[in-house]
Amino acid sequence: MTTTTTPARLNVHGQPRILSRFDARSTAAEVVEGMDLSGQRALVTGGGGGIGAEIVRALAGAGAEVLIADVALDAAQATADTINSALPQPRATARALDLGSLATTRAFADALVDEGQSWPGGLDILVNNAGVMAPPLSRTTDGHELQFGVNFLGHFVLTRGLLPLLRAGGGARVVSVSSIGHRRAGIQWDDPDYNTRPYDRWEAYGQSKTACALLAVALNARHSGAGVFANAMNPGGSMTGLQRFMTEAELRDMGWIDADGNLPAHWRSPGQCAATSVWLATAPGLAGIGGRYFEDCAEAAPRDPAFPMKGLMPHAVDPVDAARLWELAEMMVG
């Protein structure tokens with residue numbers, strides 16, 4: 001007899017999972033089809049290419065004004081130009097943002113808040129999408145391990161700096177891009193920057209993506225009462241610039257390409273991987289929802305070995321660890 005395993009109906013907290021009519025095959029464009037986001041403002045980090053560009057394309061295509069914040073300004077501007085060329089009027093703009101420099105990130109947020117004093121309505125959507133994966137041991141301008149520094153600390157400083165605009169949004173949504181990689185590690189509290197312990201690039205990636213999920217939990221706990229709601233998500237796998245530190249041999253060994261260099265069937269297009277972020281940022285039924293973790297346009301089920309590329313480990317949404325990490329981040333960034 002064959003036994004079929006299906007995802008659990010409850011989340012890791014024992015609550016009914018939030019589902020939708022979309023799934024892993026849906027694209028960001030399908031998620032916003034028929035929506036009118038006119039008058040809304042969004043900021044997408046790492047929106048110059050890959051999944052981030054598809055998030056920008058979907059939001060701008062539905063009428064939102066979208067700021068692409070990317071370390072590669074030329075790529076971000078080219079993406080904005082391409083998107084705008086297909087729209088009745090320009091809705092995407094580009095600005096340089098280096099999340100690996102805390103001072104630069106603070107200045108970026110401060111400048112945007114100053115400009116926002118003349119905006120009606122503040123900032124409605126913030127998608128913390130930018131990231132780096134599995135580099136050799138590298139450090140940010142401030143000396144932090146690169147993945148923890150860019151993926152988490154940079155977004156922590158940016159989000160905290162933009163809080164005045166997010167509060168003014170009146171129901172603003174923050175999407176924190178995590179990964180199935182969160183299963184590889186929790187927070188290494190004594191040495192998150194690998195100053196004394198041996199560096200493991202995949203453990204470090206897992207730590208950073210757990211931190212991204214905990215950022216959403218802590219942000220929502222602290223600021224949902226002021227109308228800022230945050231959720232974390234796993235976008236799924238797509239071959240983008242994120243894999244730039246991996247060799248072809250490593251990609252084959254991990255099953256990310258086959259012997260001929262082709263992608264396996266379970267990989268998705270960037271547009272499909274952008275769908276959950278866009279759904280969290282726009283779906284009317286998610287208004288006022290926060291502190292949860294999603295994938296495939298639905299709330300994630302608890303981790304199940306039968307679904308190796310899906311599921312949530314409880315450590316990534318633990319409210320005690322989320323509060324502890326927020327306090328640690330405040331200390332680390334000054």
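Author: Arginine 57 is partly exposed, with a relative accessible area of 35%; buried means under 20% relative accessible area, exposed over 50%, and partly exposed in between, with a 1.4 Å probe and protein chains only. This is a predicted model, in which local features need pLDDT of at least 70 and side-chain atom pairs count only at pLDDT 80 or more, whereas totals for chains, interfaces and linings use all residues. Residues are numbered from 1 along each chain as its sequence is written, and side-chain values use heavy atoms, with hydrogens and water left out.

The side chain of arginine 57 meets that of glutamate 54 in a salt bridge, at 3.4 Å from N to O; the term denotes a side-chain nitrogen of Lys or Arg within 4 Å of a carboxyl oxygen of Asp or Glu. Both residues lie in helix α2 (residues 50-61), 3 residues apart, which is about one turn of the helix. Helices (H or I, at least four residues) and strands (E, at least two) are DSSP runs, numbered from the N terminus. Glutamate 54 is likewise partly exposed, at 23%.

By the salt-bridge rule, the count comes to 10. Among them is the pair of aspartate 296 and arginine 268, with the closest N and O atoms 2.8 Å apart. This pair links distant parts of the chain, 28 residues apart: aspartate 296 is in the loop between β7 (293-295) and β8 (298-299), and arginine 268 in the loop between α8 (248-253) and α9 (270-273). Aspartate 296 is buried at 11% relative accessibility, and arginine 268 is buried at 17%.
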